[in-house]
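Subject: Structure handover

Hello,

Here is the structure I said I would pass on. Please open it beside this message and follow along.

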Amino acid sequence: MKAMSVLDAKEWAVETFGEVELGDPRRRDRVVQVAVAMAEDPAVPLPTQMGDPSALQAAHRLFINEAISFEQLQEPHWQHTREEARQRKQVLLVQDTTDLNYSHHKKTRRLGPIGRGKKAQGFFVQSVLAVDAQTAEILGLAYEEPFVRQPAPLGETHAQRLQRDRESLVWERAVQAIGPALSDAQWLHVGDRGADIFRLLQHIQLQGCDFLIRAAQDRCVQVEHGEEEDDEEVTRLFQLARSLPALGSRVKDLPRLHDRPARQAFLQVSWSKVQILPPKNGGALHQQAVEAWVVRVWEPKPPEGEEPLEWVLLTSLPIENVVQAWQCVDWYTMRWTVEDFHRCLKTGCSMEKRHLQSYENLTRLLGLVGPLAVRLLVLRSCARQTPQVLPTCILPALWLRVLELFTNHPLHSLDSAGHLWRAIARLGGYRGYRGDGPPGWQTLWRGWKRLQALLEGVQFTLQFLPLLLV
């Protein structure tokens, strides 16, 4: 996606929602109009975004319209993302769950528990973000599904649990909805410990895709020790992984995560081929073992006071050397991209602050906000992946001149897009000290909004300057 198509609210809204099928062209036009208004400033309240009471009323009619569904609003975006993913060589389908907390919205109906205390109410969102494995470019949402948690029935047996629609099945529904690549592209489903579900691994393989999952269950695995078929041993996954000798090491930068500060870590890696045996309690599509490789990466000597890092990863990708092992580790770290997306959803688009009267109305709003959150991440992606492009290929000359005036950076210093994006980020509060990483989506977006405001001021002055000189 080109930078200007991301930055221009109208162009982005038409490209994203211009093909929604809602049974009436007027509804589609209304969706585009509301999306344009929201894209101008995603974080502010809906009344501020709409600007006047009539536009706000029209937006509310859109969100309470029972003839419109969340799936209808996002389907064109999903299809566009999947089609783009088919044109790439390797694509990561990064999947994760987040909760949206509406405990402070007492009048919102049909919400459910979200696990933050007995009174916490809201709903969950399962998101699958498509990311180019080679360039880290964000392609968009390949699938998304909101759902309300349903408490398990009292006295439910294990057999009864396997028969009902369980919350964990949302991972499988996402894989099935996305389907196979239908091209020469390699699609790799990436998930954290919540994705360690044996049925999910089987579903991924049935779609002709690969998986890279962080293990949570200490599964029974079968290991071959020799060339003869009988020379096999059944053991536990974590016992096997922790018995493997280190086969490589390197220093890796760990980003800030929750309450853990960013730091460097000295890591070691090991791997082995295994057969993951199906569970005996019936939690499998069939009783055939899943062939995989286990990759363990760990921190042998963490800094004092820091918890040592350890990941045990399961992948269907063959691991034959240390380069391939580290490649899997690097791809797994790109799973944090979907967490960034959820932060954009909550912080950048203020999804949890939206006041609507029911869960269904909130999901229709989410149908617009989901692609809008992707837009914020794509802005960061554009800033990081085209550093050598000329600034004039991104912004018109007048914009560059305004940026020069208000940042005290001469035009010759903006000799590349990398310098241009840093200058924009400085308008949004980015310091750019030595050792600072590249600007994030928040400072880029704040800087872009300030640049727009400055440009509007300059254009207003130029418009009325002849009158002032008379």
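Below is what was found in it, from the whole chain down to single residues.

**Overall**

This is a predicted model. The protein chain has 16 helices and 12 strands. Of its 470 residues, 52% count as buried. The chain exposes about 23300 Å², and carbon and sulfur atoms supply 50% of that area. Take the contacts between residues at least 6 apart in sequence: 64% of them join residues at least 24 apart.

**Helix 8**

Start with helix 8, residues 169-178. Buried means under 20% relative accessible area. By that cut-off 7 of the 10 residues of helix 8 are buried, so the helix is largely enclosed by the rest of the structure. The buried ones are L169, V170, W171, E172, A174, V175 and I178. What covers them? The cover for these buried residues includes helix 6 (70-86) and helix 9 (198-206). Strand 1 (90-101), strand 3 (121-132), strand 4 (138-147) and strand 5 (186-191) are also part of that cover. G179 follows helix 8, with a positive phi near 75°.

**Two loop residues with positive phi**

Most residues other than glycine have a negative phi. R110 has a positive one, near 60°. R110 sits in the loop between strand 1 and strand 2 (112-113). Its relative accessible area is 47%, so R110 is partly exposed.

A136 is not a glycine either, yet its phi is positive, about 65°. Look for A136 in the loop between strand 3 and strand 4. A136 is partly exposed, at 34% relative accessible area.

**Salt bridges**

How many salt bridges does a search of the whole structure find? The search finds 20.

- D196 and R219 meet through their side chains, at 3.1 Å from N to O. This pair links distant parts of the chain, 23 residues apart: D196 is in the loop between strand 5 and helix 9, and R219 is in the loop between strand 6 (210-214) and strand 7 (220-224). Both D196 and R219 are buried.
- D330 and R250 form a salt bridge at 2.3 Å, N to O. D330 belongs to helix 11 (residues 322-333) and R250 to strand 9 (residues 248-254), 80 residues apart. D330 is partly exposed, at 23% relative accessible area. R250 is partly exposed too, at 26%.
- R380 pairs with D340 in a salt bridge, with the closest N and O atoms 3.1 Å apart. R380 lies in helix 13 (residues 359-385) and D340 in helix 12 (residues 336-348), 40 residues apart. R380 counts as buried at 12% relative accessibility. D340 is buried as well, at 14%.

The network joins E84, R88, D132 and E137 through salt bridges that share partners.

**A negative patch**

D8, E11, E15, E40 and E456 form a negative surface patch. One of them, E15, lies in helix 2 (residues 9-17). E15 is partly exposed, at 40% relative accessibility.

**One more residue**

E404 is in helix 14 (residues 397-407). Is E404 buried or exposed? With a relative accessible area of 14%, E404 is buried. Its C-alpha atom is 8.6 Å from that of A423, which is 19 residues away along the chain.

Best wishes

How values were computed:
Residues numbered from 1 in each chain as written. Predicted model: local features only at pLDDT ≥ 70, side-chain atom pairs only at ≥ 80, totals over all residues. Heavy atoms only, no water. Patch = residues over 30% accessible without salt bridge, like charges linked within 9 Å, V, L, I, M, F, W, Y side chains within 5 Å. Areas by Shrake-Rupley, 256 points an atom, 1.4 Å probe, with all protein chains shown as cover. Salt bridge = Lys/Arg side-chain N within 4 Å of Asp/Glu carboxyl O. Lys, Arg positive; Asp, Glu negative; His and termini not counted. Charge placed at Lys NZ, Arg CZ, Asp CG, Glu CD. Helix = DSSP H or I, 4+ residues; strand = E, 2+ residues; numbered from the N terminus. Buried < 20%, exposed > 50% of the residue type's maximum accessible area, 1.4 Å probe, protein only. Contact = heavy atoms within 4.5 Å.
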